[in-house]
Amino acid sequence: MKTEVKKLDSTKCEISVEVNGEQVKNKFEEVFALIAKEAKVPGFRPGKAPRDVLEKHYASSVHEQVLKELVPDVYNQAIAAEKLDVIELPQITDVKLDRGSLSFKAVVEVTPEIAVKNYKNQTINYNTVSVSSDEVKRQIDSVKESRKAENLDDKFARSLGYPDLAELEKAVERQIFVTKENQERQRIENELIENITKGLEFKLPAGLVERQTQDMLRQTKIDLAMKGLPRDKIEEQEKLLLEGIQPEAKKQVKVYLILSQIAKKENIAIDDHMPHKVIEFLLREANWQPVSK
């Protein structure tokens with residue numbers, strides 16, 4: 001197999017591929033063998049038609065099937081051989097196939113080169129999470145008012161499934177603590193991502209941005225429909241929705257690509273959990289400093 005890669009820009013490459021010899025010939029023979037088993041040719045029992053008769057009746061079908069099977073196989077081999085990090089389906093052109101050779105061109109979107117550095121030892125300023133008695137009291141008072149209860153006592157606590165008021169207060173304190181802890185964790189992660197992405201500018205793959213934009217638009221439409229907005233009203237707002245979604249979609253794609261680059265550098269598997277695993281890695285490598293009160 002011969003391959004030649006031409007860089008079109010920072011996110012697109014054109015691959016010229018040519019295969020000669022046994023791989024092409026064997027695929028033709030494989031497809032002919034499968035068709036011969038079931039071919040219905042007048043005057044012959046299934047599977048008994050001579051090759052020249054099959055050629056006459058099924059040559060175009062075989063050619064089409066060989067293309068369907070061989071082009072993806074050869075394309076994947078070329079991508080692997082050139083070690084290209086392809087992120088979108090290819091645009092295949094200039095396909096030529098005969099009994100001994102196959103050639104085509106494929107334009108693909110690839111991950112841009114990102115000069116990620118200084119992502120370790122980030123300084124993280126964290127707030128120590130605590131819950132005051134006043135916060136607990138306000139939360140319980142809010143529940144009391146919503147239930148139109150008169151006295152905060154053990155009976156009230158039991159109506160909420162707790163043995164006594166003290167246990168209710170402990171549970172509310174834990175809930176508030178977890179909520180505040182999650183908020184602080186989210187703030188820290190956002191700050192960390194902002195720090196490692198700051199100053200990194202590169203062209204985003206258009207296909208990846210479009211896919212993310214459409215995914216977000218689809219989810220936004222679902223959310224609006226769940227809130228009771230009629231379909232025609234949602235469609236009327238689509239252009240406005242897109243204007244609001246596109247900047248966030250670009251930001252998310254940028255963050256994903258940067259985290260992917262870090263993952264490759266640190267031998268972290270690129271899978272559905274990759275962003276979370278990279279952030280956990282960065283948090284472990286960071287310098288933690290408490291915020292002075």
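Helices (H or I, at least four residues) and strands (E, at least two) are DSSP runs, numbered from the N terminus. The model shown is predicted, so that local features need pLDDT of at least 70 and side-chain atom pairs count only at pLDDT 80 or more, while totals for chains, interfaces and linings use all residues. Residues are numbered from 1 along each chain as its sequence is written, and side-chain values use heavy atoms, with hydrogens and water left out.

**View 1. The four-stranded sheet.** Four strands form an open, antiparallel sheet in the order S1-S2-S4-S3, where two strands count as paired if DSSP finds at least two bridges between them. Strand S1 (2–9) and S3 stand at the edges with a single partner strand each, so one side of each is left without a neighbour in the sheet. From one strand to the next, the twist averages 10°. Helix H2 (residues 51–82) packs on the sheet and touches S1, S2, S3 and S4, and its direction makes about 55° with that of S4; contact means heavy atoms within 4.5 Å, and such angles run from 0 to 180 degrees between N-to-C directions, along axes that are lines fitted to C-alpha atoms, for helices over the stretch in contact.

**View 2. Strand S4 and its partners.** Seven of the nine residues of strand S4 (residues 101–109) are buried, so this strand is largely enclosed by the rest of the structure; buried means under 20% relative accessible area, exposed over 50%, and partly exposed in between (1.4 Å probe, protein chains only). Strand S2 (residues 12–20) pairs with S4 in the antiparallel sense over nine bridges, and Glu14 stands opposite Val107 in S4. Strand S3 (residues 91–97) also pairs with S4 in the antiparallel sense, over five bridges, and a hairpin of three residues joins S3 to S4. Leu97 has Leu102 of S4 as its bridge partner, whereas Ile92 stands opposite Ala106 in S4.

**View 3. Surroundings of Asp94.** Asp94 lies in strand S3 and, at 46% relative accessibility, counts as partly exposed. When its neighbours within four places in sequence are left aside, Asp94 is in contact with Ser103, Phe104 and Lys105. Asp94 and Ala106 are twelve residues apart in sequence, and their C-alpha atoms are 8.7 Å apart in space.

**View 4. Helices around the largest pocket.** Helix H5 (165–197), helix H6 (206–226) and helix H8 (238–265) each supply at least two residues of the lining of the largest pocket. H8 gives the most to this lining, with nine residues.
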